[in-house]
Protein chains: 2
Amino acid sequence: MEAEAELDAVFKALADRTRRAVLDRLRERGGLTLVDLCEHMEMSRQAVSKHVAILESAGLVATRRSGREKLHYLNPIPIHEIQERWISRYERGRLAALANLKNALEGRND
Amino acid sequence: MEAEAELDAVFKALADRTRRAVLDRLRERGGLTLVDLCEHMEMSRQAVSKHVAILESAGLVATRRSGREKLHYLNPIPIHEIQERWISRYERGRLAALANLKNALEGRND
DNA sequence: TTGACAGGCAACCATTCAGTTGCCTAATTT
DNA sequence: AAATTAGGCAACTGAATGGTTGCCTGTCAA
C-alpha cells in the first residue's frame, strides 16, 4: 500500500473510541473472540464486527480461525510505524516549534 | 476536554492527508496565511479553510491575526501528548505482543 | 477613494460512516 | 437429531464529512 494511504487507514481506524477500546482489550489479552469483544460494548454484535473489520483492514488486528471461533490478536506493527515514520518527525522539532509558537503569539513580528 | 474526546479530535484531524499536508507545511515554516496554505492544494480556498478550522479546533494549529491576514503556526503539544499518553503504552509491550501474535498465527493453541 | 486582496459565512450536494434489523451458515452441545 | 452458539451478509437509516458556489466584510494599496 502507498504510504499516505496506509497513514489514512491507520489514523482513521484510531479515530474512534470504540475501536481504540477494542485495541486496548487486545493489548492486555490476545485471542479474544468477537463475542468476547462485545462485552461491555453498548452496541450490537454487528456494529462491533464492523469496527473489528476496519481494524483488520488497517492491519492493526490479525485473526486466526479455530473451529467456529475467530480469535483476534493485536498487531503492534502499524502503530510502531506511525510512531517511527510520522510522529517522530514532529517530536524532533518539538521544542523549536514550541518556542516559535510562543514568540508568535506574544506578538513579536519577526 | 475529556481525554477520550481529545484523542478523538486529534486522531480525526490527522486522518486526512490534506490536513497532514497542512501540518507538514507549517512544521517546516510557521506564520503562513490561508492563501499561502492553499498553494499546491487542488481544491478551493474554502475547502482548505475548513480543514484548517478542524486542525485549529483539535489544537494542532494556533493562529494570530495581523491586519487582514491570519498567520498559522504548528502547535506540537497535541501530537506530543498522543505519543506520550497513548502510543507509548503500545510501544512498551510491542515485542511481547509481536511474539504472541507470531505464536498464535503459527497455530500453537496455548 | 476605488479597487484588489484576505478571509468568513451560509447553503447546498454527494459520499462515507456508525449504527440498526433480519436472516443465513457452520460448528458445537445436549 | 435438535437446539444453541459464533459469525457473516445485505439492506436500510440518520448523521457526519469533504467538497462546491455565491456573497459579504474588513484591510490595504494605487
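## Contacts with DNA strand C

In the side chain of R19(A), a polar atom lies 3.2 Å from a phosphate oxygen of DNA strand C, a polar contact being a pair of N or O atoms within 3.5 Å (within protein, one must be able to donate a hydrogen and the other to accept it, and residues adjacent in sequence count only if both atoms are side-chain atoms). This is a predicted model, in which local features need pLDDT of at least 70 and side-chain atom pairs count only at pLDDT 80 or more, while totals for chains, interfaces and linings use all residues. Residues are numbered from 1 along each chain as its sequence is written, chains are lettered from A and ligands numbered from 1 in the order in which they are written, and side-chain values use heavy atoms, with hydrogens and water left out.

The bases of DNA strand C are also contacted: an N or O atom in the side chain of Q46(A) is 3.3 Å from a base oxygen, and a polar side-chain atom of R45(B) lies 3.0 Å from a base nitrogen.

Of the atoms of DNA strand C that come within 4 Å of the protein, sugar and phosphate account for 55%.

With 5 residues, α4(A) gives the most to this surface near DNA strand C, where helices (H or I, at least four residues) and strands (E, at least two) are DSSP runs, numbered from the N terminus. By class, the surface near DNA strand C has 5 nonpolar, 7 polar and 8 charged residues, with Ala, Val, Leu, Ile, Met, Phe, Trp, Tyr, Cys and Pro counted as nonpolar, Asp, Glu, Lys and Arg as charged, and the others, Gly among them, as polar.

## Contacts with DNA strand D

On DNA strand D, a phosphate oxygen is 3.2 Å from an N or O atom in the side chain of R19(B). Base oxygens of DNA strand D are approached by polar side-chain atoms of K50(B), at 2.4 Å, and of R68(B), at 3.0 Å.

## The surface near DNA strand D

DNA strand D is surrounded by 20 residues, the closest being V35(A), R68(A), S44(B), K50(B) and H51(B), and sugar and phosphate make up 57% of its atoms that come within 4 Å of the protein. Here α4(B) gives the most, with 4 residues, and the surface near DNA strand D comprises 4 nonpolar, 7 polar and 9 charged residues.

Conventions: A residue is near a molecule or strand if one of its heavy atoms lies within 4 Å of it.
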